[in-house]
Amino acid sequence: MESVARGGTRWKRFALVMVPSVAATAAIGIGLAQGALAASFAVSGQEFKVKAGHLDGHGFAQYGGVDMGYADLKGDAKTAHPVAISSFKNATINNMCQSVVTDVPFVGKVTLQLKAGGGKTPVSAENLYLDVSELDADATFENIDIGVAAKDTGPGKGKGPVVKDKSILENGFAQQADRAILDNVEQKAWATTAGTFKLSGLSMRLLKGSGAGVECY
């Protein structure tokens with residue numbers, strides 16, 4: 001896959017989580033002290049997997065944050081999760097799959113699998129925010145800026161959507177681009193939020209077991 005426009009940047013199998021894990025972990029204490037929580041809700045005690053054949057997003061920005069959520073499937077204990085917040089003003093997604101595994105007592109592992117956008121109409125979203133811990137993809141960026149301050153990625157100064165309120169260290173490292181095209185996407189995430197999220201051809205299934213052939217990847 002070649003760069004789609006002059007000024008574009010192409011990275012093969014680019015790990016989109018740009019914030020180094022050590023630095024992100026060190027920033028947790030500072031983030032929590034400043035109320036810098038990425039998700040506007042307490043995330044569950046389970047990460048979920050997302051796979052997509054193709055994502056085409058306009059108005060892209062990414063910066064570090066911290067999701068506060070439950071430490072386990074039972075109890076009220078909370079813990080902090082460093083995340084890279086990937087945001088888009090709008091995006092379309094083809095062949096999207098989302099899965100999460102739960103160990104059900106007396107039943108065993110059960111996978112909730114959701115698929116959408118597999119036909120002619122892709123999944124579409126506006127003001128999309130993905131709180132990601134891992135991501136692999138073939139990535140192409142148009143007119144990318146690397147090293148911009150996170151607070152300057154929103155409308156007016158930057159290229160991305162509105163920066164999440166109280167979710168980031170505002171002068172922290174960020175990157176932005178007019179357009180981001182991702183193919184062969186595989187990611188783990190703690191949360192997804194969007195202004196609108198249209199799932200064409202939605203299919204949801206509960207499947208016994210986990211791993212290959214049951215989870216998205």
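Predicted model: local features only at pLDDT ≥ 70, side-chain atom pairs only at ≥ 80, totals over all residues.
Tutor: Residues are numbered from 1 along each chain as its sequence is written, and side-chain values use heavy atoms, with hydrogens and water left out.

Student: Happy with that! Why is the contact between E142 and R179 called a salt bridge?

Tutor: The term asks for a side-chain nitrogen of Lys or Arg within 4 Å of a carboxyl oxygen of Asp or Glu. The side chains of E142 and R179 meet at 3.3 Å, N to O, so the pair qualifies under that cut-off. E142 lies in strand β5 (residues 123–149) and R179 in strand β6 (residues 173–198), so the pair ties together parts that are 37 residues apart in sequence. Strands here are DSSP runs of E with at least two residues, helices are runs of H or I with at least four, and both are numbered from the N terminus.

Student: Which other pairs meet in a salt bridge?

Tutor: The structure holds 5 salt bridges. Among them is D145 with K159, at 3.1 Å, N to O. D145 lies in strand β5 and K159 in the loop between β5 and β6, so this pair ties together parts that are 14 residues apart in sequence. D145 itself is partly exposed, at 30% relative accessibility. Another is D152 with K157, at 3.5 Å, N to O. D152 is partly exposed, with 21%, whereas K157 is exposed, with 67%. Salt bridges that share partners also join D56, E142 and R179 into one network.

Student: How do you know that L112, M204 and L206 form a nonpolar patch?

Tutor: Patches are made of residues with over 30% relative accessible area and no salt bridge; nonpolar side chains (Val, Leu, Ile, Met, Phe, Trp, Tyr) are joined within 5 Å, and like charges within 9 Å. L206 has 65% relative accessibility and counts as exposed, so L206 passes the 30% cut-off. Together, L112, M204 and L206 have about 320 Å² of accessible area, computed by the Shrake-Rupley method with a 1.4 Å probe, where for residues only the protein chains shown count as cover.

Student: What makes β7 lie largely in the open?

Tutor: L206 is found in strand β7 (residues 203–208). Of the 6 residues of β7, the number buried is 0, so the strand lies largely in the open.

Student: Why is β7 called a partner of β4?

Tutor: Two strands pair if DSSP finds at least two bridges between them. Strand β4 (residues 108–116) and β7 have 6 bridges, in the antiparallel sense, so they count as paired.

Student: What is the largest nonpolar core made of?

Tutor: A nonpolar core is a set of buried Ala, Val, Leu, Ile, Met, Phe, Trp, Tyr and Cys residues joined through side-chain atoms within 4.5 Å. The largest has 27 residues, and F88 and F141 touch the most other members. The elements that give two or more residues to this core are β2 (48–70), β3, β4, β5 and β6. β5 gives the most, with 10 residues. Apart from this core lies another, of 13 residues, among them V83, I85, V148 and A150.

Terms used: Buried < 20%, exposed > 50% of the residue type's maximum accessible area, 1.4 Å probe, protein only.
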